[in-house]
Amino acid sequence: MLLLSCPWCGDRSEQEFACGGEAHIVRPLAPEDLDDRAWGDYVFMRRNEKGLHFERWRHVHGCGRWFNVARNTVTHEILAIYQVGDDRPELPE
Amino acid sequence: MTSLRHQPLAHLALAARREPPVADAGVTLRALPYRPSIILRGESGDAGFVAAFRAGMGFELPLDPNRISSHDGVTALWLGPSEWLILGAMGPAGQGRLATALTGHHHAIINNGDGQQIIALSGPRARDVLGKLCPLDLESPDLAPGHCARSILARCSILLHPQPDGAYHIHVGRSFADYAWRLLADAGLTYGVAVASGD
Ligand SMILES: [Zn+2]
């Protein structure tokens, strides 16, 4: 089981959290200008990294807040926890 | 008088099963009677909102995570950086007083109505019973009295409110009250379970 450190509540069990998938996906400012392929890309296409992955988590059975996590998908090591809206932290691949 | 609609555990007929606290019972379970409560939303960083609460209610809203403050029968429990549970004296008059105090500041007051049931878990083995079902570090100073935490009890979401006497008040949504009660009663069997009066 993972121990995640909520930016507000501190270390809590993974059971209290929900993973919200890949982070840093920006909604296009003018969706009406996109062709179907580009829109489909935004809505459906996700990276499936083996290794370093940036993802969103929510402390759903806790303070309810969203935050970002950099996690190694092979070892489950948590490499960084940072706020929604912050840039990806610099991490070794 | 508390009416039946306020009693999510009425079907368990707890009154008929109440026993005088057994000397060797490791834990005592008690369904607390209905108390009006509300959810208050507002921003911790909004100094005007925080000051208006202090001016109207006579005490500080807890701004640090998982902390509690109380005054004059009203208790505010931190649920998130923009969310608090206000317990006690939150009937129509109390809600009106709070709404008046916060007028002009961005906020929301949400009436919990009958949505919650509080189960009190007490006795010398209360922590052991809770520890079977809840992943929180119950020995952490972050869960000493004066703190609270939302977490889970097996598969259901709870708000845990440790009491000065070592007991725990466990808040659950009313539709989970039966599940939570039966789980706690089962987890306590090893140590002996007493059912106490709800008052
Ligand atoms: Zn949290």
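Gln163(B) counts as buried, at 16% relative accessibility; buried means under 20% relative accessible area, exposed over 50%, and partly exposed in between, with a 1.4 Å probe and protein chains only. The structure is a predicted model, in which local features need pLDDT of at least 70 and side-chain atom pairs count only at pLDDT 80 or more, whereas totals for chains, interfaces and linings use all residues. Residues are numbered from 1 along each chain as its sequence is written, chains are lettered from A and ligands numbered from 1 in the order in which they are written, and side-chain values use heavy atoms, with hydrogens and water left out.

**Surroundings of Gln163(B)**

- Gln163(B) lies in the loop between strand S9 (156-162) and strand S10 (168-173) of chain B; helices (H or I, at least four residues) and strands (E, at least two) are DSSP runs, numbered from the N terminus.
- The backbone oxygen of His161(B) is reached by the side chain of Gln163(B) at 3.1 Å.
- Not counting residues up to four places away in sequence, Gln163(B) touches Pro145(B) and His169(B); contact means heavy atoms within 4.5 Å.

**Chain A as a whole**

- Chain A has one helix and six strands, and from the N terminus on these elements run β-β-β-α-β-β-β.
- The C-alpha trace of chain A spans about 45 × 30 × 20 Å along its principal axes.
- Of the 93 residues in chain A, 32% are buried.
- Among contacts in chain A between residues at least 6 apart in sequence, 46% join residues at least 24 apart.

**Arg71(A)**

- Arg71(A) is placed in strand S5 (residues 66-72) of chain A and counts as buried, with 12% relative accessibility.
- Its side chain makes a polar contact with the side chain of Glu55(A) at 2.4 Å. A polar contact is a pair of N or O atoms within 3.5 Å; within protein, one must be able to donate a hydrogen and the other to accept it, and residues adjacent in sequence count only if both atoms are side-chain atoms.
- Leaving aside neighbours within four places in sequence, Arg71(A) is in contact with several residues, among them Leu2(A), Gly51(A), Trp57(A), His76(A) and Leu79(A).

**Salt bridges**

- Over all chains, the count comes to eight salt bridges, each being a side-chain nitrogen of Lys or Arg within 4 Å of a carboxyl oxygen of Asp or Glu.
- Glu16(A) and Arg12(A) meet through their side chains in a salt bridge (2.9 Å, N to O), and both residues are buried.
- Arg47(A) forms a salt bridge with Glu49(A), with the closest N and O atoms 2.5 Å apart. Arg47(A) counts as exposed because its relative accessibility is 54%, whereas Glu49(A), at 26%, counts as partly exposed.
- In chain B, a salt bridge joins the side chains of Arg150(B) and Glu83(B) (3.3 Å, N to O). This pair links distant parts of the chain: Arg150(B) is in strand S8, Glu83(B) is in strand S5 (residues 83-87), and they are 67 residues apart.

**Aromatic rings**

- The structure holds four aromatic pairs over all chains. Rings of Phe, Tyr and Trp (its six-membered ring) pair if their centres lie within 6.5 Å; planes under 30 degrees apart count as stacked, over 60 as edge-to-face and the rest as tilted.
- One of these pairs, Trp39(A) and Tyr42(A), is tilted, at 5.1 Å centre to centre and 45° between the planes. Trp39(A) and Tyr42(A) are separated by about one helical turn because they are three residues apart in helix H1 (residues 36-44) of chain A.
- Phe53(B) and Phe59(B) form an edge-to-face pair, at 5.3 Å centre to centre and 75° between the planes. Phe53(B) is buried at 0% relative accessibility, and Phe59(B) is buried at 7%.
- Arg56(A) lies over the face of Trp66(A), at 4.4 Å from the ring centre; a charge sits over a ring if NZ of Lys or CZ of Arg is within 6 Å of the ring centre and within 35 degrees of the ring normal.

**Contact between the chains**

- The contact takes 15 residues from chain B and eleven residues from chain A.
- Chain B and chain A bury about 1000 Å² between them, 52% of it on carbon and sulfur atoms; buried area is the accessible area (1.4 Å probe) that two parts lose on being put together, summed over both.
- In chain B, Pro81(B), Arg150(B) and Ile152(B) lose the most area to chain A, together 39% of what that side buries.
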